[in-house]
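User: I would like to go through this model and check each label against the rule behind it. Please show the structure before we start.

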Amino acid sequence: MNFPVFHHIQTHLPEQVSAHLQARYGYDAPVWLEQPADPAFGELALTIAFQLAKQLKKAPRAVAQELIDELGSLPGVAQMEIAGPGYINIRLDRGVYGSSLLKPDERSTEAAAGKIIVEHTNINPNKAAHIGHLRNAVLGDTFVRMLRSTGAQVEVQNYIDNTGVQVADVVAGFLKLENKSLDEVRVLAAQPRFDYLCWDLYARVSQHFAASKDDEKNWRQEVLHSIEEGSGVASEMGHLVSDAIVLCHLATMARLGVSYDVLPRESEILHLKFWATAFELLKERNAIHLETEGPKKGCWVMAGSHYSDEAAEDDSKVIVRSNGIVTYVGKDIAYQLWKFGLLGKDFHYHPLLTGSNGHQVWVSTDHPQSSSAPKFGGGSTVYNVIDSRQAYLQDVVAAGLRALGYIDQAERSIHFSYEMVALSPRTCAELGIDLSDSDKSKAHVQVSGRKGLGVKADDLIDKLIEKARVEVDDRHPQAPVAERQAVATDIAIGALRYFMLKFTRNTVIAFDMQEALSFEGETGPYVQYAAVRSRNILRKLEERGEKLPDFAAVLSSDAFGRQLAQEDFWQLTLAVSKADAAVARAIASGEPAHVAKYAFTLAQSFNTFYHDYPVIHETDPEKKSFLLWMTDYFRRQLERTLDVLGIRVPQYM
RNA sequence: GGGGACGUAGCUCAGCUGGAUAGAGCAUCUGCCUUCUAAGCAGAGGGUCGCAGGUUCGAGUCCUGCCGUCCCUACCA
């Protein structure tokens with residue numbers, strides 16, 4: 001028998017019950033265990049008697065009784081009892097449960113189902129990152145951490161659209177509005193916060209083009225063409241700008257502990273003819289067709305029936321424009337094919353930079369390199385972390401795979417969607433943003449790069465650190481400055497990451513500065529504080545010349561039975577042991593918010609425990625050992641869970 | 001017009017495949033720092049789960065209709 005940690009019980013107990021039902025009644029539906037609302041009802045509950053009662057035409061309570069009698073004793077279970085109209089409440093053996101927690105963590109050995117690719121961040125490299133991008137990166141990075149914590153093999157990709165209109169517009173701005181030469185831009189790009197400069201320039205260019213005449217729009221097209229073809233001054237400047245801004249973005253994300261394995265770039269998708277290859281495939285297998293009449297005459301389009309059951313007959317998505325230029329979706333289909341290893345082509349790579357943790361980031365190039373990069377792409381499942389507004393385009397991409405006959409891969413192309421981050425009216429006012437009357441009446445206001453409307457990621461991080469620093473200085477005026485700054489940074493990042501994770505994905509966040517700057521209540525710092533406190537107890541113990549006992553030697557199953565007979569100890573232990581179950585559930589539902597929620601309730605449990613039991617001053621030896629074990633167990637689980645959330649535990653708080 | 005998401009406490013949000021008395025945080029109010037740090041703890045008030053039907057032993061959760069909010073519906077990305 002395996003040891004009965006909660007997650008294990010929750011997954012294996014139903015299997016045993018299910019097997020029994022199959023053998024006894026020929027009943028074949030899945031069996032689920034529930035967690036009763038009231039802890040007094042036990043740890044787990046079966047509601048299967050209700051369904052079974054209907055089939056057997058017996059009273060639910062009678063069926064429940066029959067089940068209890070026939071199931072006999074199950075491992076780790078102390079007793080089962082009937083409650084209410086026919087619930088079967090399950091009480092676990094507390095002594096066995098507690099002592100099983102002393103055994104070292106056993107990593108799940110579930111068969112690795114191939115490589116999982118997670119694509120996230122994907123910021124247009126033409127301006128500074130804003131809070132919306134932070135939500136994307138933090139969600140993606142946390143999901144990656146969740147998957148990796150279960151032993152899965154995960155590759156993180158950050159797609160760089162370095163040849164699109166957004167980069168082109170900034171280049172147009174430098175050339176046309178600013179009359180800058182290549183060398184002048186090169187100097188600017190080497191300066192700090194070049195991304196801020198481009199943020200402002202992009203907003204100005206967008207306003208300019210919005211009000212401009214047609215001849216200027218033609219000129220704008222020329223810049224875009226030059227960049228797509230990869231020749232001319234505009235193209236060179238495009239690379240200069242986008243390469244510099246990518247580095248800005250990586251630096252911003254590194255502040256949050258977000259890193260990547262590989263940066264596939266659009267310029268290589270074009271120059272290495274990924275699209276040309278995909279185009280041939282799509283034509284060959286009739287996934288797209290050439291429109292011969294109507295408004296889309298001369299375009300290669302995908303019929304609406306490929307990507308939507310609801311599509312009208314004339315619905316179609318343009319993949320190649322009548323001027324021969326492929327759309328973004330077309331390039332994305334080629335990219336998605338490559339991710340699954342279905343394109344028959346690969347990028348060349350060169351090392352871009354090495355993170356502070358020694359992690360190597362690679363970027364695509366179009367020329368063979370001497371250095372040997374790992375094998376990228378060829379995943380078995382692909383998660384694209386992209387905001388929900390692009391659901392339609394993601395459907396088209398998956399439909400492309402399906403139309404090519406890659407049904408399984410289309411199924412495994414998962415749009416990990418999330419709602420946008422908007423701004424609260426109050427925060428807009430604080431930022432000095434003038435709102436139109438229609439915006440003023442709304443609950444939140446959309447950020448807009450074109451309007452330069454938004455909160456820059458680095459500004460927010462700076463502000464958070466500043467605020468945290470005030471609190472740290474207040475509490476630890478004697479500590480070295482560098483140390484206080486490091487602590488303030490950990491707290492600020494913890495607050496930010498937690499804030500981005502506490503909402504479920506399809507909730508629109510109305511970003512409010514005041515709310516985001518809070519360090520109390522359901523926040524990252526609250527959880528960090530619990531972890532710090534647990535460490536403090538153990539540190540204080542050492543300062544007193546004591547050390548942690550050998551728990552396995554001191555705490556027998558009987559000892560656990562005695563201590564866990566106390567109801568609050570039992571409830572706390574249960575709560576702490578549910579970390580794996582929480583992560584498993586969060587992966588199944590695709591909701592990192594569930595892990596955040598668990599971390600918070602875990603911290604709440606610890607703070608209650610901390611308040612109620614002075615661990616170090618306990619005089620009863622067995623109880624003291626137990627309390628120390630609880631403290632240490634809390635600490636480990638808090639640290640593990642925070643690690644999954646990408647939140648560091650500060651030295652002190 | 002078509003497609004999608006949402007509507008839960010004053011505010012911001014959870015609510016796991018339909019289960020037992022609908023939960024947090026913030027805000028408001030009342031207590032608790034000579035104790036392992038009060039970024040904390042204990043407690044109080046606050047709900048026709050948008051409205052109306054339906055399915056079910058059981059509905060915040062599933063179905064239908066209505067009302068309201070938001071997003072998408074480009075030869076932009």
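User: Which element gives the most to the lining of the largest cavity?

Analyst: The model is a predicted one. Helix 14 gives the most there, with 4 residues. Helix 14 and strand 13 are the elements that give two or more residues to this lining.

User: What makes this space a cavity, and which residues line the largest cavity?

Analyst: A cavity is a set of points where a 1.4 Å probe fits but cannot get out. The count comes to 1 cavity of 30 Å³ or more, and about 40 Å³ of space lies in the largest cavity. Its lining consists of E119, N122, Y328, D332, Q336, K339, N384, I386 and Q394. By class, this lining has 2 nonpolar, 4 polar and 3 charged residues.

User: What does the second largest pocket hold in volume, and which residues lie nearest its centre?

Analyst: The volume of the second largest pocket is about 1,200 Å³. Its lining has 37 residues, and N122, N124, Q166, D387 and Q390 lie nearest the centre. Two or more lining residues come from each of helix 5, helix 6, helix 9, helix 14 and strand 13. The lining divides into 14 nonpolar, 14 polar and 9 charged residues.

User: Why is the aromatic pair of F143 and F416 called tilted?

Analyst: The centres of F143 and F416 are 4.5 Å apart, with 35° between the planes. F143 belongs to helix 5 and F416 to strand 14, so the pair ties together parts that are 273 residues apart in sequence. F143 and F416 are buried.

User: What makes the pair of F560 and W629 edge-to-face?

Analyst: The angle between the planes of F560 and W629 is 85°, and the distance is 4.9 Å centre to centre. Planes over 60 degrees apart count as edge-to-face, so F560 and W629 take that label. F560 sits in helix 24 and W629 in helix 28, so this pair ties together parts that are 69 residues apart in sequence.

User: Are F560 and W629 buried or exposed, and which aromatic cluster holds them?

Analyst: F560 and W629 are both buried, a label that requires under 20% relative accessible area. One aromatic cluster is formed by F560, F569, F606, F609, Y610, Y613, F626, W629, Y633 and F634. The structure holds 29 aromatic pairs.

User: How do you know that N89 makes a polar contact with RNA strand B?

Analyst: A polar side-chain atom of N89 is 2.7 Å from a base nitrogen of RNA strand B. A polar contact is a pair of N or O atoms within 3.5 Å, so the N89 pair qualifies. In the side chain of N506, an N or O atom lies 3.4 Å from a phosphate oxygen of RNA strand B. For N607, the partner of the side-chain N or O atom is a sugar or linking oxygen of RNA strand B, at 3.4 Å.

User: Which residues come nearest to RNA strand B, and which element supplies the largest share of the surface near it?

Analyst: Among the 68 residues around RNA strand B, W32, D161, R321, T504 and M653 come nearest. Helix 27 supplies the largest share of that surface, 8 residues. The surface near RNA strand B has 31 nonpolar, 18 polar and 19 charged residues. On the RNA side, 61% of the atoms of RNA strand B within 4 Å of the protein belong to sugar or phosphate, and the rest to bases.

Conventions. Residues numbered from 1 in each chain as written. Chains lettered and ligands numbered in written order. Predicted model: local features only at pLDDT ≥ 70, side-chain atom pairs only at ≥ 80, totals over all residues. Heavy atoms only, no water. Near = heavy atom within 4 Å. Polar contact = N/O pair within 3.5 Å; in protein donor to acceptor, adjacent residues only side chain to side chain. Nonpolar A, V, L, I, M, F, W, Y, C, P; charged D, E, K, R; others polar. 1 Å grid on protein atoms, 1.4 Å probe; cavity = no way out; pocket = protein on both sides within 12 Å on 5 of 7 lines; lining within 4 Å. Points joined across faces, edges and corners; volume = space filled by probe spheres on them. Phe/Tyr/Trp six-rings, centres within 6.5 Å; stacked < 30°, edge-to-face > 60°. Buried < 20%, exposed > 50% of the residue type's maximum accessible area, 1.4 Å probe, protein only.
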